[in-house]
Amino acid sequence: PVSVVSVSSNASCGSADEMSLNAKIASRRTSRQGRSDQRWLGNVRLVTGCVPILRNSQILFISASRKRTWILPKGGWEQDESMQESAVRECFEEAGCLGTLGPALPPLQYETRKSKKRRLEESDESNNNSKKQRIDEQTDEVSYSHVNMTLFPLYVTKIESEWPEQGLYRRAMDIDEAIQMLEERPELLAV
């Protein structure tokens, strides 16, 4: 079930630059795919995203595509965009919302769940004197293990009824419920 608070269509989106950026992002009908054009710092994937804040101070979450959990909209920062543009794009592609960005929150660095699982498996394997390089089955490239993520508050002014990844569900949560839900993701609790 989708629990979304409607936002007035005549709400101000902020400066002319913000309105232009929102219009540019909203005109896209498909999501960017793949990691070949994303930014990396060594084997650390650079990720941006938003904490979408609704008018009633609720936080908008989206369903994860592969797991039964709620997450914040985020994704890879592409070479041809600013960090802010990447954050707005990811929020629109995944949650269908636009708005005014606040200042960047402190960056978060964390090990991916898949990497942690592999590291623990490799530790067990090294006890058996067998080492092998892990290859990502989907891309045939050596997997990344860490993420450097920068999130921005996004003060939502518009929620679209159609968006590129509309197969994802949206859910608005009160701040207390959001904090409780994020306890499962210790790397995000700093947000």
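Which residue just after H2 takes a positive phi? Gly96 does, at about 70°. This is a predicted model: local features need pLDDT of at least 70, side-chain atom pairs count only at pLDDT 80 or more, and totals for chains, interfaces and linings use all residues. Residues are numbered from 1 along each chain as its sequence is written, and side-chain values use heavy atoms, leaving out hydrogens and water.

**Helix H2**
- H2 covers residues 83–95; helices are DSSP runs of H or I with at least four residues, strands are E runs of at least two, and both are numbered from the N terminus.
- From first C-alpha to last, the 13 residues of H2 reach 18 Å, close to the 18 Å expected (1.5 Å times one less than the number of residues).
- H2 is mostly covered, with 11 of its 13 residues buried (under 20% relative accessible area; exposed is over 50%, partly exposed in between; 1.4 Å probe, protein chains only).
- The buried residues of H2 include Glu85, Arg89, Phe92 and Ala95.

**Strand S6**
- S6 spans residues 97–101, and five of its five residues are buried.
- S6 pairs with S8 (residues 146–159) in the antiparallel sense over five bridges; pairing requires at least two DSSP bridges between two strands.
- Cys97 has Ile159 in S8 as its bridge partner.

**Glu111**
- Glu111 lies in strand S7, residues 108–111.
- Glu111 counts as partly exposed because its relative accessibility is 22%.
- Beyond residues up to four places away in sequence, Glu111 touches Lys116, Arg119, Ser145 and His146 (contact means heavy atoms within 4.5 Å).
- Glu111 and Ser145 are 34 residues apart in sequence, but 5.8 Å apart in space, C-alpha to C-alpha.
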